Each structure stands twice: as structure tokens, then as C-alpha cells.
Amino acid sequence: MALSDEELLAYASAWGFRCEADALGIMEIYPPRDSEADWKMMQRGDRWVLFAHGEPQLNFYLDDVLKFLKQRRSA
């Protein structure tokens, strides 16, 4: 599946995740506001980095970010 950043953000928003840009315009995806989860996904070039408790954990390609979000939208 050839997914674009814009499509990923549209899915994430539709599923209730918070999508924001930092001061430099780097996109970030956070859990929904009512969630106690402490993670975020941050765009880094052609990949996204998963941060848990403020520490970088894994690099994801777009399709893998979509899978990650699909699993968490119902959790």
C-alpha cells in the first residue's frame, strides 16, 4: 500500500489520535486526549519514530505506523 503522510494523518485523526506539528513543522501523532498512554510518533524524513515515555524506541515506515495505530484505536 503506497500511503502518503497526509493519508496517514487523515486516518489517525479520523480514529481519534491527536495530530500536531511542532515549531519546526515536524508532524507528531499522539494518543487521544482521554488516553493515559505515554507515547508519540514523530516524523523523521521517510520514517516515523515511536517515542515511549519520552525515549525513542523504534523507526517505522508509513505502512507500519498505520498498523500500529489500527491496533491502538480500539485498545
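In the predicted model, Trp39 is buried, with a relative accessible area of 13%, and Phe17 likewise counts as buried, at 5% relative accessibility. A search of the whole structure finds 4 aromatic pairs. In one of them, the ring centres of Phe17 and Trp39 are 5.9 Å apart and the planes stand at 55°, so the pair is classed as tilted. Because Phe17 lies in the loop between helix H1 (5–14) and strand S1 (18–21) whereas Trp39 belongs to strand S3, this pair ties together parts that are 22 residues apart in sequence. The rings of Phe60 and Phe68 also form a tilted pair, with centres 5.7 Å apart and planes at 45°; Phe60 is buried at 13% relative accessibility, and Phe68 is buried at 9%. Ring pairs link Phe17, Trp39, Phe60 and Phe68 into a cluster.

Strand S3, which spans residues 39–44, also contains Lys40. The side chain of Lys40 makes a polar contact with that of Glu28 at 3.3 Å, while the charged end of Lys40 sits over the ring of Phe51, 5.5 Å from its centre. Beyond residues up to four places away in sequence, Lys40 touches Glu28, Ile29, Tyr30, Val49, Leu50 and Phe51. A further charge is placed over a ring at Arg73, whose charged end lies 4.4 Å from the centre of the ring of Trp15.

Gln43, likewise located in strand S3, is buried, with a relative accessible area of 17%. The side chain of Gln43 makes a polar contact with the side chain of Asp5 at 2.8 Å, and, when neighbours within four places in sequence are set aside, Gln43 is in contact with Asp5, Ile26, Met27 and Trp48.

How values were computed:
Residues are numbered from 1 along each chain as its sequence is written. This is a predicted model: local features need pLDDT of at least 70, side-chain atom pairs count only at pLDDT 80 or more; totals for chains, interfaces and linings use all residues. Side-chain values use heavy atoms; hydrogens and water are left out. Helices (H or I, at least four residues) and strands (E, at least two) are DSSP runs, numbered from the N terminus. A polar contact is a pair of N or O atoms within 3.5 Å; within protein, one must be able to donate a hydrogen and the other to accept it, and residues adjacent in sequence count only if both atoms are side-chain atoms. Contact means heavy atoms within 4.5 Å. Buried means under 20% relative accessible area, exposed over 50%, partly exposed in between (1.4 Å probe, protein chains only). Rings of Phe, Tyr and Trp (its six-membered ring) pair if their centres lie within 6.5 Å; planes under 30 degrees apart count as stacked, over 60 as edge-to-face and the rest as tilted. A charge sits over a ring if NZ of Lys or CZ of Arg is within 6 Å of the ring centre and within 35 degrees of the ring normal.
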